[in-house]
Amino acid sequence: MHGHVRKEHFVATKSQDRRKVRLSRALGVALTPKAARYLEKRPYAPGEHGRTKRKADSDYAVRLREKQRLREQYGIREKQMRNTFNEARRQDGLTGENLVELLEMRLDALVVRSGFARTTAQARQLVVHRHILVDGQLVDRPSFRVKPGQLIHVKAKSEGLEPFQVAAAGGHAEVLPPVPAYLEVELDKLQARLVRRPKRAEVPVTGDVQLVVEYYAAR
């Protein structure tokens, strides 16, 4: 480090921004606040044929797009998605609903839902950079599965950092959905409790989970 402290960056690069906007248009779902603004102006796919009516997609293409849409909303790798699907399949209940509910209990997802971060990518940075505690214990794995009853909170030494000051003041409210009922949030204290397992219908993600199940079942 040559004697100086690396400044932490909590914002996406322009190239990451462009990729997310293009991907959002391709999948038909806003993955970042900037993408949401683009989709309002251009609610069609990117490319020269984006405005024209698409040819009827094959069943496989439709299922693939739904799988990609769900995966990108959580910003996870395919291996993590498939592992979570396999876990969802082993649980009682509908596999597709289980899949969303398990993904939603990821620490990075709940950091966003609580309003501590503006995007999933920022939430992941906050976790990896060791600013987030669960029940008083430092957790630096974005994939950490939060259990009902556990408290997510910001490390005391980190509360004064600009991203958390913005969050505590409700600065992300205009780009995030309302806090879902499975979370009890005290934003001014930068803490949130997962009170119970989320239900699919309450989770603010877009996608036909049955098509996601069909995609994996056919592979």
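Which residue stands opposite Leu-151 in strand 5? The residue is Arg-193. The model described here is predicted.

In general, strands of a sheet pair through backbone hydrogen bonds, and the pairing can be parallel or antiparallel.

## Strand 5 and its partners

Strand 5 covers residues 191-194. Strand 3, residues 151-154, runs antiparallel to strand 5, and three bridges join the two. Leu-151 faces Arg-193 across this pairing.

Strand 4 covers residues 183-186 and also runs antiparallel to strand 5. Four bridges link strands 4 and 5. Here Val-185 stands opposite Ala-192.

## Helix 9

Helix 9 spans residues 209-217. What happens at its start? A side-chain oxygen of Asp-208 comes within 3.1 Å of the backbone nitrogen of Gln-210.

Which residues of helix 9 are buried? They are Val-209, Leu-211, Val-212, Val-213, Tyr-215 and Tyr-216. The buried residues pack against three helices: helix 3 (59-74), helix 4 (78-90) and helix 5 (95-104).

An α-helix has 3.6 residues a turn, so residues three or four places apart point the same way.

Technical notes. Residues are numbered from 1 along each chain as its sequence is written. This is a predicted model: local features need pLDDT of at least 70, side-chain atom pairs count only at pLDDT 80 or more; totals for chains, interfaces and linings use all residues. Side-chain values use heavy atoms; hydrogens and water are left out. Two strands pair if DSSP finds at least two bridges between them. Buried means under 20% relative accessible area, exposed over 50%, partly exposed in between (1.4 Å probe, protein chains only). Contact means heavy atoms within 4.5 Å. A polar contact is a pair of N or O atoms within 3.5 Å; within protein, one must be able to donate a hydrogen and the other to accept it, and residues adjacent in sequence count only if both atoms are side-chain atoms.
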